[in-house]
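Here is a short walk through one protein model. Keep the sequence and the 3D view side by side as you read.

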Amino acid sequence: MPQSKVIVIDYGSQVTQLIARRVREAGVYSEIHSCAATADEVAAMEPSAIILSGGPASVGENDAPTLDPGLLALNIPVLGICYGMQLLAESLGGELERSSTREYGPAELRFDSQCLLWDGIAGPTRVWMSHGDRVLAPPPGFAVTGSTATLNVAAMADERRRIYAVQFHPEAHHTTSGQDMLRNFLFRAAGLAPDWSMASFAERIIGEMKERIGNKHVVCALSGGVDSTVVAVLLHRAIGKNLHCIFVDNGLLRLKEADEVAEYLREHFDLNLTVVQAQEIFLSRLAKVEDPEQKRKAIGRAFIEIFEEEAKKLPHADFLAQGTLYPDVIESTSHKGPSAVIKSHHNVGGLPEKMRLTLIEPLRELFKDEVRKVAEEIGLPDFIVWRHPFPGPGLAIRVLGEVTKERLDVLRSADSIVQRELRESGWYRRVWQGFAVLLPLRTVGVMGDGRTYEHVVALRIVDSVDAMTADWSRVPPDVIARISTRIINEVSGVNRVVYDVSSKPPSTIEWE
Ligand code: XMP
């Protein structure tokens, strides 16, 4: 088990999770906790170092989150970032200046005095700023360690007490030496050892789950994607037969996908797995529904009913496990506490309350690429590890307009060509998601001697790191040409293929 543990205290910055992620990238275990946690609670977590994140508030303002002075009495190394720096300045007797305007963007950081954080880094160096308020004078005992053209105190430190603070964002990619600075904090200033990897993440989760669940039972909604499969395998290792997986085949899946995953799990793990064939129910609930939100609601409701029904046949469970990732969790203004809201479109939304189950979300701190590393660590095959994300409502939100069996079949055939060609050209792993969309309109074409009047398929292939933003993939024209030719030749009812060249924002990845 790793010895080092960094607690990131979340003051509501949009990029808090990036800090935790960079710490993990440096090989140190890291967790995010709400700034509502008291010093005693934090001490009980036995952190080896603490990082105070940035945040949108202004220190001293009504309702602004505060720093429990007890934290600084723990004698644990602390790094304050942005709002975290201002909190340190305020708590320890420095001078702050309020500002209603924000400085946002790159700046050149000069090193004003020696500091362990700057070890091995040549100054001046480019850093990323995003702040309003500023520190005018550091607290007693602190040296100004860095400044910029607009900030006299861009970084400060009391190395004797091992308290460091920076106004800029070392976690941002745009801060050229940001990762080196974080590493210097972890290894030089706090003296930690890089003793963590994705392999130890899996071990830790398995250990924690064993302890938390004991001999109770867990149900897990398996979707066939990498996230829920990783959750199921980790839980299976933790509690074995007390895990009950339910896979609902809603008829809205890709060609053969449901079978592939179920087969693999059955073959390789002695897992309790129920596959429910519910295609007809979903189709009947979707009849005549055209509005995307109504589709999601209808699918969500049907899913809950079926899942509940199946779960009743199993031994009583106290927990529901699901593969929520960090980007699925929208932290509510997080200083109000750890309450987190799941995206409204999440597939199992509503289940835990209805069935009075406690949620288990072992991956909720991770990004997709980190989950893929865990998946590789625990030995899952490439076709699961690298599977593109697939929405819970499935092909229903890619058949624009009314969803019928016929239209689903057309889309499924076109989509399977997209999947096959992306794989064969080597592009599948290079893009975030690639799929076909069936448009609710017909256009004129010519085939042989005749005029046709048939459907249009749109190709959507995007690059992204976490689906929050995305851009259309610059897949070579010959790959697109092959996909298009094959779809038009092989899928009857389609005579035109178009390529979607919109970025997110303002468009979204899915069309509905
Ligand atoms: P958008 O379309 O919002 O998609 O840019 C972002 C990511 O989320 C997936 N997505 C969904 N996933 N239920 C899901 O489980 C949904 O209703 C849903 N809608 C979109 C989408 O595929 C992309 O990865």
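Contact here means heavy atoms within 4.5 Å. Axes are lines fitted to C-alpha atoms, and angles run from 0 to 180 degrees between N-to-C directions. The model is predicted.

With those terms in hand, turn to helix H1, residues 16–25.

Nine strands form an open sheet with mixed pairing. The order across the sheet is E2-E1-E3-E4-E11-E10-E9-E6-E7. Strand E2 (29–34) and strand E7 (125–131) are the edge strands, each pairing on one side only. On average, neighbouring strands are turned by 25° against each other, direction ignored.

Now step inward to strand E11, residues 163–166. Both of its faces are covered. Ile-163 and Ala-165 are buried on one side, Tyr-164 and Val-166 on the other. E11 pairs with E4 in the parallel sense, over four bridges. There, Leu-79 has Tyr-164 as its bridge partner. E11 also pairs with strand E10 (155–158), this time in the antiparallel sense and again over four bridges. In that pairing, Ala-155 stands opposite Val-166. E10 and E11 form a hairpin with four residues between the strands. Arg-162 takes a positive phi near 60° in this hairpin.

Move on to edge strand E7. Strand E6 (103–111) pairs with E7 in the antiparallel sense, over seven bridges. Gly-105 has its bridge partner, Met-129, in E7.

What about the cysteines? A disulfide is a covalent bond between the sulfur atoms of two cysteines. How many disulfides does the structure hold? It holds zero. Take Cys-35: the closest cysteine sulfur is in Cys-82, 14 Å away, so the two are too far apart for a bond. Cys-82 is likewise in no disulfide. Is Cys-35 buried or exposed? Cys-35 counts as buried because its relative accessibility is 11%. Cys-82 counts as buried too, at 3%.

End with a loop. Lys-256 lies between strand E13 (243–249) and helix H8 (257–268). Lys-256 counts as exposed because its relative accessibility is 61%; the cut-off for exposed is over 50%. From Lys-256 to Ile-461 is 205 residues in sequence. In space the two are 21 Å apart, C-alpha to C-alpha.

Conventions:
Residues are numbered from 1 along each chain as its sequence is written. This is a predicted model: local features need pLDDT of at least 70, side-chain atom pairs count only at pLDDT 80 or more; totals for chains, interfaces and linings use all residues. Side-chain values use heavy atoms; hydrogens and water are left out. Two strands pair if DSSP finds at least two bridges between them. Helices (H or I, at least four residues) and strands (E, at least two) are DSSP runs, numbered from the N terminus. Buried means under 20% relative accessible area, exposed over 50%, partly exposed in between (1.4 Å probe, protein chains only). A disulfide is a pair of cysteine sulfur atoms within 2.5 Å.
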